[in-house]
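Please open the model in a viewer and keep the selection panel at hand. The stops below proceed element by element.

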Amino acid sequence: MNQTLLEVYILASIVIAITDVVLAIKSIQKSKATGRYLGLACVGAAVVDISYLISILSGDYFCVSAMSSIYFVSIDFMLVCLLIFTVFFTKNKFTDLSRAALRLAALYATFEVAIFAINPFCEVALGYVRRDTVIARYAYQMKPLFTGCTCSIPIYWSWWY
């Protein structure tokens with residue numbers, strides 16, 4: 001990858017994360033729930049951006065694993081907050097069905113937090129395979145949950161190079 005392009009990507013990621021934080025602060029300061037949930041979604045977006053950036057720049061296995069866990073969990077957090085924001089923004093009310101769906105989404109997100117909190121120490125969801133690249137030095141290797149099987153198929157995300 002071209003060094004200039006990499007530097008532009010890093011700078012753009014940082015500017016976007018800072019913009020998300022500024023928007024989060026402004027949104028959370030609103031007195032309505034709509035603004036608070038939009039602000040929380042922006043916080044999630046900033047965490048996703050920075051943790052992803054760190055994971056693709058790092059050559060340290062544990063750092064990549066930890067940052068990947070953080071951004072996977074942050075994506076779920078951000079999406080749940082955006083769902084709640086959308087319901088409030090469109091002035092719809094939560095029905096019994098939508099509350100149940102939201103509880104299910106929150107339950108899944110809680111499950112994922114537990115899985116990805118464990119994953120850097122005991123790879124139950126994802127492992128990583130070393131690649132010979134300048135950035136994104138590790139590819140995802142999907143693992144079956146809660147088994148000791150190491151025969152999973154490596155999945156390489158090659159769109160980056």
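Throughout this tour, buried means under 20% relative accessible area, exposed over 50%, and partly exposed in between, with a 1.4 Å probe and protein chains only. The model is a predicted one, in which local features need pLDDT of at least 70 and side-chain atom pairs count only at pLDDT 80 or more, whereas totals for chains, interfaces and linings use all residues. Residues are numbered from 1 along each chain as its sequence is written, and side-chain values use heavy atoms, with hydrogens and water left out.

**Stop 1: helix H1**

Select residues 3–28, which form helix H1. Helices (H or I, at least four residues) and strands (E, at least two) are DSSP runs, numbered from the N terminus. Within this helix, pick Tyr9; Tyr9 is partly exposed, with a relative accessible area of 24%.

The expected span of a helix is 1.5 Å times one less than its number of residues. Next, highlight the buried residues of H1: Leu6, Ser13, Ala17, Asp20, Ala24 and Ser27. Their cover includes H2, where contact means heavy atoms within 4.5 Å.

**Stop 2**

Move to Leu38 in helix H2. Leu38 is partly exposed at 27% relative accessible area. Which residues does Leu38 touch, not counting those up to four places away in sequence? They are Ser27, Leu82 and Phe85. Met78 is 40 residues from Leu38 in sequence, yet the two C-alpha atoms are 8.9 Å apart in space.

Then select Ile28, Leu40, Val43, Val47, Ile70 and Phe77, which make a nonpolar surface patch of about 410 Å². Patches are made of residues with over 30% relative accessible area and no salt bridge; like charges are joined within 9 Å, and nonpolar side chains (Val, Leu, Ile, Met, Phe, Trp, Tyr) within 5 Å. Accessible areas come from the Shrake-Rupley method with a 1.4 Å probe, and for residues only the protein chains shown count as cover. Helix H2 (33–57) and H3 each supply at least two residues of the patch, and H2 gives the largest share, three residues. Leu40 is in helix H2 and is partly exposed, with a relative accessible area of 31%.

**Stop 3: helix H4**

Select residues 96–118, helix H4: 23 residues reaching 33 Å from first C-alpha to last, close to the 33 Å expected. Leu102, Ala109, Glu112, Ile115 and Phe116 are buried in H4, and what covers the buried residues of H4 includes helix H3 (61–89) and strand S1 (126–130).

Centre the view on Glu112. Glu112 is buried yet has no salt bridge, defined as a side-chain nitrogen of Lys or Arg within 4 Å of a carboxyl oxygen of Asp or Glu. Lys and Arg count as positive and Asp and Glu as negative, while His and the chain ends are not counted. Where is the nearest side chain of opposite charge? Lys143 provides it, 17 Å away. Leaving aside residues up to four places away in sequence, Glu112 touches Phe72, Val73 and Asp76.

**Stop 4**

Finish at Ala136, in the loop between S1 and strand S2 (138–142). Phi of Ala136 is near 50°, a positive value in a residue other than glycine. Ala136 is buried, with a relative accessible area of 11%.
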